[in-house]
Structures are given as C-alpha cells and as structure tokens.
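Visitor: Please take one part of this model and go through it closely. I would like to hear how it is built and what lies against it.

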Amino acid sequence: PSYGFSDSAYWVRLHVRNESPTKNWLLVANFENMHFVDLYSPAVKGDGHEVKQTGTKRPPSTREIPYPRLVFELTPPNQNNQTYYLRFKNGAPMVLSLTMWEPAAFFTDSLRLRLPEILFYGVMIALLIYNLFLSASLRDVTYLYLATLLASAAIFEVSQTSILEIYLAPSLYQYKTQIIGLSSAAMMASLILFFVSFLEAKRIVPSLYRFDLLLLGFVLLLGLATFAFNYHQIAVILSPTIVLIVAFNMTTVIVAWRRGLQAARFLLIAMMGLLACILVFILARMNIIPVSAVTENAFRFGFVWMAIGSSLALADRINILQAKTAKANRELRDSESRLSQTLEGLPIGVAVYGSDQTPSFINKRTMDILTKPDREFGPDLSLKRTLTEAMSYYKFRVAGSDQAYPLEEFPIYRALLGEASS
C-alpha cells in the first residue's frame, strides 16, 4: 500500500506462522527512502517486546545488514505463530512495501534486484564523461549544462536510495534532506540552462526566455529553502515544479523548432519521454496509481531516455552547423574567386593587406609594376613581408626627391588604422 505524503505515523501488524525448517528470515522494507522504521518483536524472555530502530534519517550503524533497503532479521519459531509490529514515519511518501526472504535467496537475488540501478549509473556516468569531454574540446557550455544535469540526477538518486550513506559516506546520513533538496534544485537549474543554451532562447524565443529566468530564480530559492524547511514541505513543491519546467520548456522546444531550429526535434522526443516517466513516478508517490517495479524505476528510465536523446540532439546540432559552415565556406570561396578574377582584370595595381600588415593578394598589374626581371627583384607573397619590410625592400621615395617615404604617411598603413587615406 501507498499513502502518498503524510505527516502521520503508520503502524503495521504482521502475523507470521513459520511452517518451514528455516529459522532465520529477512524482512525487507523495499522503499529505500523511509526515514524512520521501528520493529517490535515479542521478547525472547518474558512479556513485552524488543524494539529495533533504524531508517534513513538514523545512523547507518543501526542497520542489521548494510544494504540500501532496510532489512530486519527475524527468528519466528517453527510451527508456531508470531506477531510483529512496525511503526513507519516518513517525510518522503509513505510506501509500505514489505517482503519476507530466506537469507540465501535474498543474497542470491540482491544483485538482480539492483540491476536497474546499476544500469542507470553506468549509462549516466558514461554520458557524463562523454559530455564533459565534448564541453572541453568544443568549448561549448551547452555540453557542460547537460553534464551538470546528469551529475545532479546521479547525486539525487544515490542519496534518496541510501547508496550514499551505506557505501560512500556514512556520516552524510544526517544531511540527507539537504542533499536531496540541493541536488533536485541543481537538476532543475541545469535543465533550464541547458534548454536556454541549446535553443538559443534569448534570440529565438525572447519572451519564453524571460520566463525561464524567473523559473531559474525560483529554483535557486527552493534550493536554499532546504535549509529552512523539512523534507515534506520541500518535496511537495519540488514535484510540481519539475513537471512545470519540463512541460514549459517542451513548449519552448516546439516554438524554436517551428522557427527553424531543426536540431530541436530530438530534444522534443527526449523531453516527452522524461515528462511521461516523471508523471508516472510522481503519481505513484502521491498514491494516485499503484506502486510497482515500473513506477519505482520510471525516474531512472526517464533520465536515461532524456540523456541519450539530448546527446543525440547535440550531435545533430553539430552536424547541422557543420553543413551550414561548409555551405558558407563554399559560398565564400566562390565569392573570393569571383573577386580575385575581377581584381586580376583591373588595369591598376591592387594589393590586399590584413590587420597584421602582411599582404594576402596582389594582382597581375601589381606584379608588373614592382618586378625588375633583370635584377631578380619583385614581390613574393610567400615571404609575408610587413609594410615596414616592404617599404625598405622597394625603397619607396617621396616623389621628386631622394627622401624615404615615411611609414606613418603610407596610405595602406593609415587605412589599417581606420583612417580614410589615398
């Protein structure tokens, strides 16, 4: 059973009759982010109950077995009845999923039970490294935003599934609420920045871009609020906020696509899959649809789908940009060819200089003017003579005198300074 978000404590009474030869059993609470769980077992000697207290908001040392899910060891007597009581209190959704296992079967199947998570982290880490590499090599901040999004989603998942405090950093269990809140805020902020950068929203859809900035500011405030409010209060705001962000930016993707951004088509498919999976995940958390293995893994599948789709969209954008650049280069070469043909046919000498004060083109008439075959004297573009070197080489003089022509008066030199000169 699932009861959505609730401030109430829930009690479970479990009647067990052990008709197998196995004396030791494992009771597993399958919802990994259960903050407080107390197990009351009949006392071995005398009346009353013995209590075991654990949960994700309690130290990992309170767990009988170091495993992301909460596991209790039970010893129901053979051919006899036993009644156990469990008390659940949670800031996250109240999902009461319990399974009894024989120890050997549990440890044999534990890897299979966690296979979806292993695949999720494998794909996310691979795509994270891939996008960081492209961000560094292409100097494109869009890849960095996607890498930040993937890293935030991975941190959110390792925290809310208790992998962080069980296997990585046990002392961080007390900051679980803040880590989940901050990683969620970072996830939404990087998602907004990725959309804005990829879609060139400021240029293509300026009105939607301004609303994205408002959403970004709200998300940052929400991240800071994790230090002032409890998990329950933050969680009920986080869920609709991420749905709003994905849905709104899907609209932005459609508008950008209609305005000519062809690479947005892959991004639209990626966001549709992510939105569908997030809705399934949230509806199960709020007890609107039944909790199952599908709904529990919907978040992971949605982010893997989004990450792969976004990477394809970025690759498609590069291909489109390369095609446009190749076309522009062809047009530029054609234009330069036509220009050089025109300049070659002029009856006056023409030399083209760049900002580095070296020539990039001279026409045939210039060659005729400056060449002295008998003295093996003439222009050579491969030597890349600067204006100063050229004036020294050709020994330009002021007309009617033997005075060297001053560089600062040379028309090309003055033209390169931005002055009109002749």
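Guide: What follows is a close look at one helix, and then at a few other parts of the chain. The model is predicted.

The helix is H2, residues 115-138. H2 has 24 residues and spans 34 Å from its first C-alpha to its last, close to the 34 Å expected at 1.5 Å a residue. Just after H2 comes arginine 139, with a positive phi of about 55°.

Is serine 159 buried or exposed? Its relative accessible area is 0%, so serine 159 is buried. Leaving aside residues up to four places away in sequence, serine 159 touches Leu164, Glu165, Lys176, Ile179 and Ile180.

Helix H13, residues 387-394, can be read in a similar way. Its buried residues are Leu387, Ala390, Met391 and Tyr394. These residues lie on the same side of H13, because the arc they cover around the axis is only 95°. The buried residues of H13 pack against strand E8 (351-353), helix H12 (364-370) and helix H14 (411-416). Lysine 395 follows H13, and its phi is positive, near 55°.

The chain also has a sheet to consider. Four strands make up this open sheet, in the order E1-E6-E3-E4, with antiparallel pairing. Strand E1 (10-17) and strand E4 (49-54) are the edge strands, each pairing on one side only. On average, neighbouring strands of the sheet are turned by 20° against each other, direction ignored. Strand E3 (residues 36-42) runs antiparallel to E4, and 6 bridges join the two. In one of these pairings, proline 42 has histidine 49 in E4 as its bridge partner.

Notes
Residues are numbered from 1 along each chain as its sequence is written. This is a predicted model: local features need pLDDT of at least 70, side-chain atom pairs count only at pLDDT 80 or more; totals for chains, interfaces and linings use all residues. Side-chain values use heavy atoms; hydrogens and water are left out. The expected span of a helix is 1.5 Å times one less than its number of residues. Two strands pair if DSSP finds at least two bridges between them. Axes are lines fitted to C-alpha atoms, for helices over the stretch in contact, and angles run from 0 to 180 degrees between N-to-C directions. Buried means under 20% relative accessible area, exposed over 50%, partly exposed in between (1.4 Å probe, protein chains only). The arc is that of the directions from the helix axis to the C-beta atoms. Contact means heavy atoms within 4.5 Å.
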